[in-house]
Amino acid sequence: MKGASVRGDFRINDWLIQPQINTVERNGRTWHLEPKVMQVLLHLASHPDEVLSKERLIEAIWRDTFVGDDVLIRCISEIRYVFGDDPRSSHVIQTIPKAGYRLIAAVTTDLGPAASLPGAKEHASKTSGTPGRQELETGGGHTAVALSAEANEPDKKSAAVLSESSEPGAVRSALAEPKNERLTEPETVIGSPASAENTASAARRQSRRAWLVAMGGAALLLCAGAVFLWRSAHPSAFEVFWGPIVNTADPALYCIADQNQYNFITLRDASDPSHQVVLKDNLSAIVIDDLDTIVKIASVLRANGKRYNLKGEEATSLTDLRNGPSIFVGAFDNAWTLRLTKSLRFHFGNNPEMTQFRIIDSANPSQARWSIDRSQQLATNNYQDYAIVARFTDNVTGKPAVIVAGIGRGGTIAAGEFLTDPDDLAQLLHADRVAGGKQNMEIVLSTQIINGQPGTPKMEASYFW
């Protein structure tokens with residue numbers, strides 16, 4: 001079925017996938033997927049064993065919406081979570097580095113005779129011998145109406161073969177429905193015993209129908225409640241970390257590190273772009289490595305409908321921080337980050353000469369493994385960088401705060417990647433569950449910097465309270 005579009009229910013290994021109701025079922029347990037997550041799974045299942053690039057998947061699922069890779073990565077992570085699929089030893093969705101994703105599990109669309117013939121039960125019902133009425137049979141240019149003996153008791157001569165060419169008046173009393181449709185009730189005389197019996201039968205059917213509708217509605221409510229309870233008991237890694245930020249009504253505030261040391265700007269002449277002119281100006285500059293993190297997190301917030309504002313750290317006031325959740329980017333160039341982390345278990349420190357920078361563990365302040373030598377950093381651009389990622393409720397403002405800050409620039413990039421990658425956040429979810437599901441959390445990350453570019457972020461330590 002390679003390249004064929006999957007329609008209706010299907011199976012991936014022994015999992016039953018029902019796209020119309022966005023569910024995945026196995027061994028009596030049911031998981032509910034978000035519509036976009038189900039669409040990603042459906043598109044992969046339509047192209048089994050085929051490598052689909054991120055661009056191709058995003059174009060297929062989010063055709064008219066601008067989204068980043070992180071939204072697709074989150075959907076893939078949700079699917080893996082439901083299937084218990086480890087990305088490092090995958091048996092369902094394989095990640096092909098620099099290429100995309102490939103569904104490697106078996107996809108089955110034939111769910112058996114009952115599923116492949118949805119009209120079988122209805123056909124059996126139509127052809128069964130129901131007392132008092134049978135199918136209209138057509139053939140040879142005639143329409144035959146056969147009534148059972150029980151229904152014809154008042155007049156046993158009423159069973160007849162009527163010609164389609166008969167006079168309208170001759171067939172009007174015996175046949176009230178169009179050709180090829182079921183004769184629902186024999187004609188009866190008002191006030192006769194048959195009429196009373198039919199009226200009672202209709203009332204019983206109506207009562208039974210109302211009861212079935214009520215039971216169906218109750219079943220739907222129970223299913224919806226079960227799905228809600230399951231989702232509440234099994235939140236995704238994204239929901240665990242970002243929930244306190246995106247679920248608030250107030251817009252989030254980005255407090256970013258900025259530099260106000262520039263008092264001139266270089267502009268190009270419109271008639272001759274090679275001609276440059278230096279003009280006086282007052283500028284606030286942002287480090288481009290911090291901008292990488294800002295854009296990554298902003299795309300996640302926008303994908304979840306979260307509004308946000310942007311302010312430099314010098315322009316940010318305590319009043320601003322009291323208005324809603326805040327996200328602090330940068331460490332040694334952001335005074336608010338240093339203030340907020342000072343009372344946490346993991347916080348930033350340096351020597352008086354500002355040549356040694358490190359992350360200090362209050363539980364073991366003598367350890368110096370999370371440190372950077374500034375001279376080595378500048379000389380080689382190859383070093384081990386470290387970062388703090390935290391989410392907690394600030395005691396001063398009473399609002400949620402998120403810290404995304406590296407000692408060096410590469411550490412901040414790695415921290416932003418960690419907080420927007422579902423697979424990385426899954427590590428955090430596991431650690432949080434082991435700690436008992438605490439509300440506040442702080443993590444130390446490390447990353448190898450090679451020629452100024454950070455590698456994969458790695459958790460060094462975590463603390464939950």
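Mentor: Let us start from a single side chain, Cys 75, which has a relative accessibility of 3% and therefore counts as buried (under 20% relative accessible area, with exposed meaning over 50% and partly exposed in between, for a 1.4 Å probe and protein chains only). Before going further, please keep in mind that this is a predicted model, in which local features need pLDDT of at least 70 and side-chain atom pairs count only at pLDDT 80 or more, while totals for chains, interfaces and linings use all residues. Residues are numbered from 1 along each chain as its sequence is written, and side-chain values use heavy atoms, with hydrogens and water left out.

Cys 75 is one of the H3 residues in the contact with H1, where Lys 36, Val 37, Val 40, Leu 41 and Leu 44 of H1 meet a set in H3 that also includes Leu 72, Ile 76, Glu 78, Ile 79 and Phe 83 (contact means heavy atoms within 4.5 Å). Two packed helices are described by the angle between their axes and the distance between the axes. Helix H1 (residues 35-45) and helix H3 (residues 69-83) pack at an angle of about 80°, with their axes 9 Å apart; the axes are lines fitted to C-alpha atoms, for helices over the stretch in contact, and the angles run from 0 to 180 degrees between N-to-C directions. H1 is therefore roughly perpendicular to H3, a label given to angles of 65 to 115 degrees, whereas under 35 is roughly parallel, over 145 roughly antiparallel and the rest oblique. By class, this contact of H1 with H3 has nine nonpolar, no polar and two charged residues, where Ala, Val, Leu, Ile, Met, Phe, Trp, Tyr, Cys and Pro count as nonpolar, Asp, Glu, Lys and Arg as charged, and the others, Gly among them, as polar.

A second pair can be read in the same terms. Helix H8 (residues 237-246) and helix H14 (residues 422-434) pack at an angle of about 80°, with their axes 7 Å apart, and H8 and H14 are therefore roughly perpendicular to each other. The H8 residues Ala 237, Phe 238, Val 240, Phe 241 and Trp 242 meet Pro 422, Leu 425, Ala 426, Leu 428, Leu 429 and Asp 432 in H14, and by class that contact has ten nonpolar, no polar and one charged residues.

Returning to cysteines, Cys 255 has 0% relative accessibility and so counts as buried, and a search of the whole structure finds zero disulfides (pairs of cysteine sulfur atoms within 2.5 Å).

Another buried residue is Thr 337, at 0% relative accessibility, which is found in helix H11 (residues 335-341). Leaving aside neighbours within four places in sequence, Thr 337 is in contact with Phe 328, Gly 330, Ala 331, Phe 348, Ile 403 and Ala 405.

For the chain as a whole, the secondary structure comes to 14 helices and 23 strands, taken as DSSP runs numbered from the N terminus (helices H or I, at least four residues; strands E, at least two). Buried residues make up 37% of the 465 residues. The chain averages a pLDDT of 80, and 76% of the residues score at least 70, pLDDT being the predictor's confidence in each residue, from 0 to 100. Over residues 113-190, pLDDT stays under 50.
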